[in-house]
Amino acid sequence: MMAARFTQDDPERAVIPSPAQLRDIRTAGDDRFLLIACLMSGCGMRNGKAFAVNLNNLVADDVYRITEQVSQTTKTYGCLKHRKPFDYRDVPLPARIRETIEWYADKHGTVDATCSATPWTQRSRTSPTTSRISGST
């Protein structure tokens with residue numbers, strides 16, 4: 001049996017898209033893709049956290065509070081990996097990204113303040129975010 005071989009990242013292969021390339025990427029798909037691409041490129045979110053975008057997490061004009069994520073395997077909302085329930089992480093929120101979140105919510109609506117960026121998930125009323133906000137257990 002062969003041992004697992006780990007690869008090393010090659011920093012010379014890393015490619016950072018230019019602002020023009022990012023604009024092209026953001027507009028390459030539908031509105032949902034635009035929202036997710038903006039959150040990933042503008043706030044540094046990974047896809048699971050971007051899919052869980054919630055209007056209640058706009059805690060300041062320039063701060064977004066990441067409180068949960070969508071599991072790519074179970075397609076459900078849950079607390080952040082390697083964190084306790086109700087732990088969160090605040091990230092800078094550029095005005096352009098905030099405007100995109102609000103535009104998307106106005107155009108497509110929300111479920112329990114969560115943007116409908118995840119058509120394959122059902123929002124649980126007992127998720128960490130909604131239970132903390134509504135006071136339910």
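# Strands, helices and a core

Visitor: I'm looking at Ala60; which residue in β2 is its bridge partner?

Guide: The bridge partner of Ala60 in β2 is Val63. Helices (H or I, at least four residues) and strands (E, at least two) are DSSP runs, numbered from the N terminus, and two strands pair if DSSP finds at least two bridges between them.

Visitor: Before we go on, what kind of model is this?

Guide: It is a predicted model, in which local features need pLDDT of at least 70 and side-chain atom pairs count only at pLDDT 80 or more, while totals for chains, interfaces and linings use all residues. Residues are numbered from 1 along each chain as its sequence is written, and side-chain values use heavy atoms, with hydrogens and water left out.

Visitor: OK, back to the strands: how many bridges join β1 to β2?

Guide: Two bridges link β1 to β2, which covers residues 63–66, and the two strands run antiparallel. They form a hairpin, with two residues between them.

Visitor: And how many join β2 to β5?

Guide: There are four bridges between β2 and β5, again antiparallel, and Val63 stands opposite Pro92 in β5.

Visitor: What order do the strands take in that sheet?

Guide: The order is β1-β2-β5, in an open sheet of three strands with antiparallel pairing. β1 (58–60) and β5 (89–92) stand at the edges with a single partner strand each, so one side of each has no neighbour in the sheet. From one strand to the next the twist averages 40°.

Visitor: What about Thr67, buried or exposed?

Guide: Thr67, in the loop between β2 and β3 (68–70), is buried, with a relative accessible area of 3%. Its side chain makes a polar contact with the side chain of Asn57 at 3.2 Å. A polar contact is a pair of N or O atoms within 3.5 Å; within protein, one must be able to donate a hydrogen and the other to accept it, and residues adjacent in sequence count only if both atoms are side-chain atoms.

Visitor: Switching to helices, at what angle do α1 and α2 pack?

Guide: Helix α1 (residues 19–26) and helix α2 (residues 31–43) pack at about 150°, and their axes are 8 Å apart. The axes are lines fitted to C-alpha atoms, for helices over the stretch in contact, and angles run from 0 to 180 degrees between N-to-C directions.

Visitor: Which residues meet there?

Guide: From α1, Leu22, Ile25 and Arg26 meet Phe33, Leu34, Ala37, Cys38 and Ser41 of α2. By class, that contact has six nonpolar, one polar and one charged residues. Ala, Val, Leu, Ile, Met, Phe, Trp, Tyr, Cys and Pro count as nonpolar, Asp, Glu, Lys and Arg as charged, and the others, Gly among them, as polar.

Visitor: Which residues touch the most other members of the largest nonpolar core?

Guide: Leu39, Tyr64 and Ile101 do, in a core of 24 residues. Two or more residues come from each of α2, β2 and α4 (95–108), and α2 gives the most, with six. A nonpolar core is a set of buried Ala, Val, Leu, Ile, Met, Phe, Trp, Tyr and Cys residues joined through side-chain atoms within 4.5 Å.

Visitor: What is Leu39 in contact with?

Guide: Leaving aside its neighbours within four places in sequence, Leu39 is in contact with Gly44, Met45, Ala50, Val53, Ile97 and Ile101, where contact means heavy atoms within 4.5 Å.

Visitor: And where is Thr100 found?

Guide: Thr100 is in helix α4 and counts as buried at 12% relative accessibility. A polar atom of its side chain lies 2.9 Å from the backbone oxygen of Arg96, and, not counting residues up to four places away in sequence, Thr100 touches Leu35 and Cys38.

Visitor: One last thing, what is the phi of Lys75?

Guide: Lys75 has a positive phi of about 60°, although it is not a glycine. Most residues other than glycine have a negative phi. Lys75 is found in the loop between β3 and β4 (77–79) and counts as partly exposed, at 35% relative accessibility.

Definitions and conventions
Buried < 20%, exposed > 50% of the residue type's maximum accessible area, 1.4 Å probe, protein only.
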